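Hi there,

Here is the structure I promised to pass on.

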Amino acid sequence: MRFCNQWQSHIATSLGVERTEWPCSPDLKPVEHLWDQRGCAVRAKVTNTTTLADLRRMLVEEWDAIPQRCMSQLTTGMRSRNQAVVAMYGSSTCY
């Protein structure tokens, strides 16, 4: 977890927030995986007559339809993904 300044770091520590080293990689950001999944779902629905308004509506519908199970899986696996990337010094991993 990154902290913008020393004060935030102190507050987090005092609240018992466990800090982990977090490599800078979009692949390790859960929201990036969600956007990818939603984008694939919307692309599957796009036709030659799809308008910008249709795209917006489809994206909102897809975003609202994200199952809680999906969110849980993405967040629970983050620690092991992080540790794998850190262990590999930022190289690609099996994930």
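Predicted model: local features only at pLDDT ≥ 70, side-chain atom pairs only at ≥ 80, totals over all residues.

Residues are numbered from 1 along each chain as its sequence is written, and side-chain values use heavy atoms, with hydrogens and water left out.

**The chain as a whole**

The protein chain has 5 helices and 0 strands, in the order α-α-α-α-α along the sequence. Helices here are DSSP runs of H or I with at least four residues, strands are runs of E with at least two, and both are numbered from the N terminus. Of the 95 residues, 21% are buried; buried means under 20% relative accessible area, exposed means over 50%, and partly exposed is in between, using a 1.4 Å probe and protein chains only. The accessible surface is about 7300 Å², and carbon and sulfur atoms hold 57% of that (Shrake-Rupley method, 1.4 Å probe; for residues, only the protein chains shown count as cover). Among contacts with a separation of 6 or more, 48% join residues 24 or more positions apart. Contact means heavy atoms within 4.5 Å.

**How the helices pack**

Two packed helices are described by the angle between their axes and the distance between the axes. The axes are lines fitted to C-alpha atoms, for helices over the stretch in contact, with angles from 0 to 180 degrees between N-to-C directions. Angles under 35 degrees count as roughly parallel, over 145 as roughly antiparallel, 65 to 115 as roughly perpendicular, and the rest as oblique.

How do H2 and H3 cross? Their axes come within 9 Å at roughly 130°, which makes H2 oblique to H3. From H2, the residues Val 31, Leu 34, Trp 35, Arg 38, Ala 41, Val 42 and Lys 45 meet Leu 55, Met 58, Leu 59, Glu 62 and Trp 63 of H3. By class, this contact has 9 nonpolar, no polar and 3 charged residues. For these classes, Ala, Val, Leu, Ile, Met, Phe, Trp, Tyr, Cys and Pro are nonpolar, Asp, Glu, Lys and Arg are charged, and the others, Gly among them, are polar.

H2 also packs against H4, with axes that come within 9 Å and cross at roughly 140°, so H2 is oblique to H4. This crossing is right-handed. Pro 30, His 33, Leu 34 and Gln 37 of H2 meet Cys 70, Met 71 and Leu 74 of H4, giving 5 nonpolar, 2 polar and no charged residues.

Helix H4 (residues 68-76) and helix H5 (residues 78-87) pack at about 30° with their axes 5 Å apart, and are therefore roughly parallel. Gln 73, Leu 74, Thr 75 and Thr 76 of H4 make the contact with Met 78, Arg 79 and Arg 81 of H5. The contact divides into 2 nonpolar, 3 polar and 2 charged residues.

Is Arg 38 buried or exposed? Arg 38, in helix H2 (residues 30-45), counts as buried because its relative accessibility is 11%. Leaving out residues up to four places away in sequence, Arg 38 touches Leu 59, Glu 62, Trp 63 and Ile 66.

Glu 62 sits in helix H3 and is buried as well, at 12% relative accessible area. Beyond its neighbours within four places, Glu 62 contacts Arg 38, Ala 41, Val 42 and Lys 45.

Ala 65 is in the loop between helix H3 (52-64) and H4 and is partly exposed at 48%. Ala 65 and Arg 38 are 27 residues apart in sequence, with 9.3 Å between their C-alpha atoms.

Pro 30, in helix H2, is partly exposed at 23%. Pro 30 touches Leu 74 and Met 78, not counting residues up to four places away.

Finally, Arg 81 of helix H5 is buried at 17%. Its C-alpha lies 7.2 Å from that of Leu 28, 53 residues away in sequence.

Technical notes. Left-handed = near helix turned anticlockwise from the far one by under 90°.
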